[in-house]
Amino acid sequence: MSTLSERDQKHLWHPLTQHKLHANHIPITKAEGALLYDDQGKAYIDGIASWYTCMYGHCNPHIIKKVTAQLSKLDQVVFSGFTHEPAIEMSEALMRILPDNQQKLFFSDNGSTAVDVAIKMALQYHFNQGNKRSKIIALEQAFHGDTFGAMSVSGLSVYNGPFEDFLLQVDRIEVPTQTNFEQVKTRFEKLLKTGEVAAFIFEPLVQGAAAMNMYEASLLDELIAMARKHQVLCIADEVMTGFGKTGKNFASEYLKNSPDILCLSKSLTGGLVPMALTSCTQAIFDAFYDDALGKGFFHGHTYSANPLGCTAVLAGIELLTSVEMQANIQRIAQQHRAFEKKIKTHPKVKATRHLGVIFALDMAVAMERYGSLRDELFHFFMDRGVCLRPLGNTLYILPPFVISDAQLQKTYQVIEAALERFGN
Ligand SMILES: *Cc1c(COP(=O)(O)O)cnc(C)c1O
């Protein structure tokens with residue numbers, strides 16, 4: 001009998017993987033709370049909540065109970081021409097926590113499609129009003145997903161090389177800092193003045209794939225205000241930041257100027273099934289509302305508003321807004337602060353940052369070590385029963401809200417051990 005890992009290699013092609021360099025994939029057979037278990041029964045603390053999805057814990061009993069009940073009632077129905085209670089209830093619950101200016105919800109299946117929908121909405125919003133605007137402004141080092149539209153606005157070019165000739169027209173500005181803000185504003189204003197810009201897209205406050213790069217809400221607020229003056233729609237890609245990770249339900253809540261469009265996915269269903277939403281203002285919806293069929297939004301995915309997904313979203317919102325989960329978020333944020341205070345003066349630590357349940361640390365390490373170091377660190381952590389996926393020289397934690405104090409302390413300890421073992 002061959003092992004699961006051997007059988008995996010026969011037919012499966014894994015995401016973001018060079019199979020010649022990384023042939024082995026660890027079989028996971030079970031998950032519960034903050035823990036993953038492999039086929040040998042070994043437990044790992046899921047320090048990144050399986051890519052920011054299972055924030056209420058794996059196999060959360062509340063979500064399972066609700067989805068199980070839904071499972072024997074209505075599994076799937078076309079969402080054009082039909083509707084159902086799970087979608088309606090979910091929309092009402094979500095509207096209670098989204099920024100006040102959000103009014104309409106459009107379904108798709110993943111973060112990339114949520115971004116593609118947002119871009120198409122923005123382009124057609126102008127088109128429907130007789131203004132053909134063909135450009136999007138995005139931030140340097142952004143990550144918005146892997147479909148063509150999302151890839152176009154992403155600024156991490158390692159992924160995009162072979163496709164560069166086929167992308168949308170995108171202008172880029174630097175991520176604003178106190179130091180570069182005047183130059184950023186000058187360039188931004190120049191781009192806005194061309195009248196060609198349909199939308200400005202950004203990951204609010206935290207750029208996940210850019211090693212959890214964080215920037216100030218007040219600077220983003222100013223950029224949004226500038227964009228508004230030129231009727232440029234502002235798209236907050238909250239696929240990573242949404243649902244409590246920054247300490248508030250949405251990172252956009254740190255802003256005075258609410259974005260026109262929000263993209264949601266990842267922990268939308270608490271990790272149960274893939275689903276995504278693009279939310280927008282009434283004004284955007286109204287630009288599509290017309291007697292002319294062609295002014296409608298002709299975009300649709302087969303599994304739009306899948307009733308099981310919608311049920312999971314509703315259960316997830318109930319968990320997120322519970323006193324217990326909000327206390328968990330504050331508890332984790334507080335422990336991150338204490339750990340940061342302790343570790344930031346360590347000689348092998350170059351920089352630290354945290355927001356909500358997100359904590360990141362840059363190791364002081366020579367540039368040429370980045371590639372191999374990532375793998376060595378990953379195995380170092382896995383050997384010690386903690387699942388963390390370093391990005392370059394950055395170690396970061398984004399645990400499920402239900403992680404226990406002991407599990408969180410163990411995660412900090414393996415990071416401290418890694419600092420002793422690796423680095424300059
Ligand atoms: C993960 C991510 C995406 C892409 O989502 P997928 O579901 O992987 O397509 C888009 N934007 C951000 C900010 C993300 O973190």
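**Figure 1. Tyrosine 52 in helix α2 of the predicted model.** Tyrosine 52 belongs to helix α2, which covers residues 49-52. The structure is a predicted model. Phi of tyrosine 52 is positive, near 65°, and the residue is not a glycine. Most residues other than glycine have a negative phi. Tyrosine 52 counts as buried because its relative accessibility is 7%, and the cut-off for buried is under 20%.

**Figure 2. Leucine 16 in the loop between α1 and β1.** The loop runs between α1 (4-11) and β1 (28-32), and leucine 16 sits in it. Here too the topic is backbone geometry. Leucine 16 is not a glycine, yet its phi is positive, about 50°. Is leucine 16 buried or exposed? Its relative accessibility is 57%, so leucine 16 counts as exposed.

Figure 3. Eleven names make up the surroundings: Asn110, Gly111, Ser112, Phe143, His144, Gly145, Glu203, Asp237, Val239, Met240 and Lys266. By class, the shell holds three nonpolar, five polar and three charged residues. Asparagine 110 has a side-chain N or O atom 3.3 Å from an oxygen atom of the ligand. For glycine 111, a polar backbone atom is 2.8 Å from a ligand oxygen. For serine 112, a polar side-chain atom lies 2.6 Å from an oxygen atom of the ligand. The ligand taken alone exposes 380 Å², and the protein buries 81% of that.

**Figure 4. Helix α5, residues 111-128.** Two residues of the ligand shell, Gly111 and Ser112, fall within the range of this helix. At the start of α5, a side-chain oxygen of asparagine 110 comes within 3.0 Å of the backbone nitrogen of serine 112. Just after the helix, glycine 130 has a positive phi of about 80°.

**Figure 5. Leucine 168 in the loop between α6 and β6.** Leucine 168 is placed between α6 (148-153) and β6. Its relative accessibility is 36%, so leucine 168 counts as partly exposed. Beyond four places in sequence, leucine 168 touches Ile119, Gly149 and Ser152. Methionine 151 is 17 residues from leucine 168 along the chain, and their C-alpha atoms are separated by 8.9 Å.

**Figure 6. Helix α8, residues 217-229.** The 13 residues of α8 should span 18 Å at 1.5 Å a residue, and the end C-alpha atoms are 19 Å apart, which agrees. The buried residues are Ala217, Leu219, Leu220, Asp221, Leu223, Ile224, Met226 and Ala227. They pack against β6 (170-173), α7 (181-193), β7 (197-202) and β10 (233-237). After α8 comes glutamine 231, with a positive phi near 55°.

**Figure 7. Threonine 246 in the loop between β10 and β11.** Threonine 246 lies in the loop that leads from β10 to β11 (261-264). Its relative accessibility is 0%, so threonine 246 counts as buried. Which residues beyond four places in sequence does threonine 246 contact? They are Val206, Thr241, Ala251, Tyr254, Leu355 and Gly356.

**Figure 8. Valine 313 in helix α10.** Valine 313 is part of helix α10. It is buried, with a relative accessible area of 0%. Its contacts, leaving out residues up to four places away in sequence, are Met90, Leu268, Thr269 and Met275. Valine 67 is 246 residues away in sequence, with 9.8 Å between its C-alpha and that of valine 313.

**Figure 9. Helix α11 and glutamine 335.** Helix α11 has 21 residues, 323-343, and reaches 30 Å from first C-alpha to last, close to the 30 Å expected at 1.5 Å a residue. Its buried residues include Met325, Ile329, Ile332, His336, Phe339 and Ile343. An α-helix has 3.6 residues a turn, so residues three or four places apart point the same way. The buried residues of α11 pack against α10 (307-320), β13 (349-355), β14 (358-363), β16 (394-397) and α13 (405-421). Glutamine 335 is in α11 and is buried, with a relative accessible area of 14%.

Technical notes: Residues numbered from 1 in each chain as written. Predicted model: local features only at pLDDT ≥ 70, side-chain atom pairs only at ≥ 80, totals over all residues. Heavy atoms only, no water. Helix = DSSP H or I, 4+ residues; strand = E, 2+ residues; numbered from the N terminus. Expected span 1.5 Å × (residues − 1). Buried < 20%, exposed > 50% of the residue type's maximum accessible area, 1.4 Å probe, protein only. Contact = heavy atoms within 4.5 Å. Near = heavy atom within 4 Å. Polar contact = N/O pair within 3.5 Å; in protein donor to acceptor, adjacent residues only side chain to side chain. Areas by Shrake-Rupley, 256 points an atom, 1.4 Å probe, with all protein chains shown as cover. Nonpolar A, V, L, I, M, F, W, Y, C, P; charged D, E, K, R; others polar.
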